[in-house]
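Visitor: Could we go through this model together, one part after another?
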Amino acid sequence: MAKTPSTMLELETEAPDFSLKDAVTGKTVSRTDFKGKPLLVMFICNHCPFVKHVAAKLAEIGTVFQEKGMGVVAINSNDISTHPDDSPENMRIEARASGYTFPYLFDETQRVAQAYQAACTPDFYLFDRQHRLVYRGQLDGSRPGNNVPVTGQDLMAAAELLLGGGTIPPDGQKASLGCNIKWKKGNEPAYYQS
């Protein structure tokens, strides 16, 4: 199981635009759909053991923060020619099985992952109401096999501070760790290191 850390995109970066199809509903979802709302963008996939390890918590967090007025989306950018388990059809099955209430979007061109400098699954980006980056990194310290409970504490604490009007401290934000995004041949971005 290869372990790839997130790139830790610079704080205050404006959320790159996206306009992608939701694998569950077939509707196109764009960043502009969440104008004026805080926005959580998660890069996940179906097959990765790091994502499977936290899928139930992702479903719970998604529901909780959507109910509090936050925009929440998950994006799968993997190459489905090499990883067919991550196809839109299987994304639909996974979203229903895991109880995801947020859009699960397919980034077929991988341009959105590149724009976010996403490197691994899962990878988390939390933006304020102006869609400026205030948190990036890990869900919590749990990883498959390390016997640390999945709590979501790092991401949840940041989201609660954001929703409450507080300031998220930049120090102490830790990189996520997971499977590398499965890039199409010749599509590997310069920031990505295998």
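Guide: In helix H4 (residues 153–163), the buried residues are Asp154, Leu155, Ala158, Ala159 and Leu162. Buried means under 20% relative accessible area, with exposed over 50% and partly exposed in between (1.4 Å probe, protein chains only). Helices (H or I, at least four residues) and strands (E, at least two) are DSSP runs, numbered from the N terminus.

Visitor: What arc do they cover around the axis?
Guide: They span only 125°, which puts them on the same side of H4. The arc is that of the directions from the helix axis to the C-beta atoms.

Visitor: Before we go on, what kind of model is this?
Guide: The model is predicted: local features need pLDDT of at least 70, side-chain atom pairs count only at pLDDT 80 or more, and totals for chains, interfaces and linings use all residues. Residues are numbered from 1 along each chain as its sequence is written, and side-chain values use heavy atoms, with hydrogens and water left out.

Visitor: Which elements do the buried residues of H4 pack against?
Guide: They pack against strand S4 (39–43), helix H1 (49–67), S8 and S9, where contact means heavy atoms within 4.5 Å.

Visitor: And what follows H4?
Guide: Gly165 does, with a positive phi near 85°.

Visitor: Turning to S8 and S9, in which sense do they pair?
Guide: Strand S8 (residues 123–127) pairs with S9 in the antiparallel sense, over 4 bridges; two strands pair if DSSP finds at least two bridges between them. Leu126 is opposite Tyr135 in S9. The hairpin has 5 residues between the strands, and His131 takes a positive phi near 60° there.

Visitor: Why is S9 largely enclosed?
Guide: All 5 of the 5 residues of strand S9 (residues 133–137) are buried, so the rest of the structure largely encloses S9.

Visitor: New topic: how many cavities of 30 Å³ or more are there?
Guide: There is 1. On a 1 Å grid over the protein atoms alone, a cavity is a set of points where a 1.4 Å probe fits but cannot get out, and lining residues have an atom within 4 Å of a point.

Visitor: What lines the largest cavity?
Guide: The lining includes Phe50, Val54, Phe124, Asp140 and Arg143.

Visitor: Last one: in what order do the strands of the open sheet come?
Guide: The order of the 3 strands is S1-S10-S7, with antiparallel pairing. Strand S1 (4–5) and strand S7 (120–121) are the edge strands, each pairing on one side only. Pro5 stands opposite Leu177 in S10.

Note on methods. On a 1 Å grid over the protein atoms alone, a cavity is a set of points where a 1.4 Å probe fits but cannot get out, and a pocket is an open set with protein on both sides within 12 Å along at least five of seven lines; lining residues have an atom within 4 Å of a point. Grid points are joined across faces, edges and corners, and a volume is the space filled by probe spheres set on the points.
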